[in-house]
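Here are a few notes to go with your first look at this one. Have the model open while you read, and take the points in order.

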Amino acid sequence: MQHVFDFLGPPTNRDRLFFCVMPDEAAGGRVMRLGDHIFLQHRLDGSRLRRDRLHMSLHHVGDYPHLPSKAVYAARLAARAVMLAPFDIWLRAVHSFEPAPHRQNRRPLVLLGDGGEALMMLFRTLGAAMLRNGLKAAATITPHVTLSYGPQPVPTQLIKPIRFQARDFVLIRSRLGLTQYDVIDRWPLGT
């Protein structure tokens, strides 16, 4: 009886859980104004990220049909293990990533970032704590903040750097397909 509805296929993933750093209000405003300029300069099409969705991803926890409380619990345990001081992040260049093979019209346009050794320490410390708590963790990171998704590539170019201070990091639940982020929890740095 258990397999009667197998013809429906596996449930689609509706929830994504990930850790990130979010720019403060002032830096977010500068990122949005720069995005406006780049869109005009290159006559771009595509979907722009809203100000409240700007972030620099640290680790992807997982995609789920329904958000499991045990994944949230394990992620919270991992985050509590991080003890680092606040640090500066610099966004220094515009760059287009290659799109996923099945999404050719959704090429990510990003601002490449640099947080020095402090950002790498946050990435490694959080990743190690995730592994200890039964979660997967990424092996590498390309620090960036996504501006938009669209079909046209933009050549890599330096920008006037945008600085913001990472004062905390956040666990986000993204409702896939709805462009909605819910902050699950936030951990201050330096306490």
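1. Start with α2, where the buried residues are Ala71, Val72, Ala74, Ala75, Ala78 and Ala79. Their arc around the axis is only 165 degrees, which means they sit on the same side of α2. Keep in mind as you look that this is a predicted model.

2. Ser69, Lys70 and Tyr73 are exposed, on the face turned away from the buried side. As for length, α2 has 12 residues, and its first and last C-alpha atoms are 17 Å apart, close to the 16 Å expected at 1.5 Å a residue.

3. What do the buried residues of α2 pack against? The list is β1, β3, α3, β8 and β9 (180–188).

4. On to α3, residues 116–132. With 17 residues at 1.5 Å each, this helix should span 24 Å, and the 25 Å between its end C-alpha atoms agrees with that. Its buried residues are Leu119, Leu122, Phe123, Leu126, Gly127, Ala129 and Met130.

5. Which exposed residues does α3 carry on the face turned away from its buried side? Those are Leu131 and Arg132. The buried residues of α3, for their part, pack against β1, β3, α2 (69–80), β4 (87–96) and β8.

6. Two backbone angles deserve a glance. Gly134 follows α3 and has a positive phi, near 80 degrees. Arg43 also has a positive phi, near 50 degrees, and is a residue other than glycine. You'll find Arg43 in the loop between α1 (25–42) and β2. Its relative accessibility is 70%, so Arg43 counts as exposed, the cut-off being over 50%.

7. Last, the largest pocket, with a volume of about 1100 Å³. It is lined by 33 residues, and Arg16, His55, Thr146, Tyr149 and Tyr181 are the closest to its centre. The elements giving two or more residues to the lining are β1 (15–21), β2 (47–48), β3 (56–64), β6 (144–150) and β8 (168–175). β3 gives the most, with 4 residues. By class, the lining of this pocket holds 14 nonpolar, 12 polar and 7 charged residues.

Methods:
Residues are numbered from 1 along each chain as its sequence is written. This is a predicted model: local features need pLDDT of at least 70, side-chain atom pairs count only at pLDDT 80 or more; totals for chains, interfaces and linings use all residues. Side-chain values use heavy atoms; hydrogens and water are left out. On a 1 Å grid over the protein atoms alone, a cavity is a set of points where a 1.4 Å probe fits but cannot get out, and a pocket is an open set with protein on both sides within 12 Å along at least five of seven lines; lining residues have an atom within 4 Å of a point. Grid points are joined across faces, edges and corners, and a volume is the space filled by probe spheres set on the points. Ala, Val, Leu, Ile, Met, Phe, Trp, Tyr, Cys and Pro count as nonpolar, Asp, Glu, Lys and Arg as charged, and the others, Gly among them, as polar. The expected span of a helix is 1.5 Å times one less than its number of residues. Buried means under 20% relative accessible area, exposed over 50%, partly exposed in between (1.4 Å probe, protein chains only). Contact means heavy atoms within 4.5 Å. The arc is that of the directions from the helix axis to the C-beta atoms.
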